Amino acid sequence: MSCATPAARGRLRYTLLVAALAAVLVCAAVAGLALGSVRIPAPQVLETLTGAAGPGPYRTIVLDVRLPRVLLGAVVGAGLAVIGTVLQALVRNQLADPFVLGVSSGASVGAVGAIVLGAGAGAGIATTVTVPLAAFAGALGSLVLVYGLARGGGALTTGRLLLAGVAVSYILSALTSLLMVTSARADHLKEILHWTLGGLGSARWDMLALPTAVLAAGTAVLVSLARPLDLLLVGEEGATVLGLDTGRFRSAVFVLASLLTGVLVAFSGAIGFVGLMVPHAARMAVGAGHRRLLPVAALGGAAFLVLADLAARTVAAPQDIPVGVLTALTGGPFFLWMLRRRPYGTTAGAAA
């Protein structure tokens with residue numbers, strides 16, 4: 001008969017789950033380095049990573065082409081899952097994510113606008129700072145607009161939130177298309193298509209520092225805010241009674257979520273539904289407490305997007321399918337399944 005307390009057993013299960021997700025992420029990363037239009041044996045991949053392999057074409061493919069792509073996929077997947085988890089807590093609705101609420105579309109408009117105006121032409125400080133800042137501004141503006149439209153004139157319901165998000169996304173997508181057709185440069189069209197479909201094919205080593213730093217800092221801050229995020233789940237009045245200034249807290253976390261979304265989208269394009277599917281699966285595994293939920297969502301999102309990008313590179317090899325297309329193909333049915341599980345007119349609080 002086991003003498004372990006329920007709390008100890010819970011900690012053990014959580015530790016094992018985190019270890020299992022980390023192992024899945026490592027295996028997905030190795031598969032991402034080994035598979036593609038050119039297949040590289042796994043032992044050769046490991047020798048290249050450890051420096052045991054000498055110069056050769058495999059070394060170039062693994063270190064210069066695939067490794068930055070795998071790392072960027074892990075960073076973006078983790079970030080989108082974390083953002084989706086937080087947005088679902090802020091609006092108390094499990095259907096919320098950066099793509100559905102129009103945040104990704106807003107970030108894309110900002111980034112595309114910066115490209116068309118010339119800020120994204122070439123490498124260096126313009127690409128690594130100006131475009132993410134423009135994406136952040138677009139993400140924040142679209143999130144504020146969607147939240148204001150859903151909240152104004154009545155209770156924040158699932159229906160109002162989804163309608164506002166879809167409407168704003170359509171408007172911003174039309175604006176992106178307008179920028180595309182009015183751009184005079186052919187290279188702009190290729191870059192804009194990258195934002196609209198989402199993809200990791202342009203990943204380079206010099207693109208990793210900013211999104212990785214922003215993700216690490218943002219996730220650390222959000223984990224430290226686990227208790228107020230948990231308080232939001234009990235409702236507006238309950239959180240206020242327990243001492244949380246819900247208006248100020250929501251505004252601050254909205255800005256942080258927009259910053260994370262803007263930076264990630266600036267380097268990956270608008271990859272949808274990762275922030276919808278992964279938080280829901282993580283919540284089913286560890287519950288709604290954000291101190292445990294956020295790390296699990298981050299690991300799950302990283303592994304999911306690395307595997308999705310691997311499928312995008314191999315399912316029609318040597319053609320490279322934008323990973324956003326595959327996430328939409330899986331996320332769309334998942335979104336419909338979530339809608340069927342919850343009444344359309346349910347308030348956000350009831351849906352939490």
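Start at residues 70-91. That stretch is 95% helix and 0% strand, with its end C-alpha atoms 32 Å apart. Helices here are DSSP runs of H or I, at least four residues, and strands are runs of E, at least two, numbered from the N terminus. An unreviewed UniProt entry lists 70-91 among its "transmembrane region" features; such annotations may be inferred rather than shown by experiment.

A word on the source. This is a predicted model: local features need pLDDT of at least 70, side-chain atom pairs count only at pLDDT 80 or more, and totals for chains, interfaces and linings use all residues. Residues are numbered from 1 along each chain as its sequence is written, and side-chain values use heavy atoms, leaving out hydrogens and water.

Now helix H1, residues 6-34.

Buried residues of H1 include Tyr14, Leu21 and Leu25. Buried means under 20% relative accessible area, exposed over 50%, partly exposed in between, with a 1.4 Å probe and protein chains only. The buried residues of H1 pack against helices H2, H3, H12 and H13, contact being heavy atoms within 4.5 Å. Just after H1, glycine 36 has a positive phi of about 155°.

Last, leucine 197 sits in helix H7. Leucine 197 counts as partly exposed because its relative accessibility is 33%.
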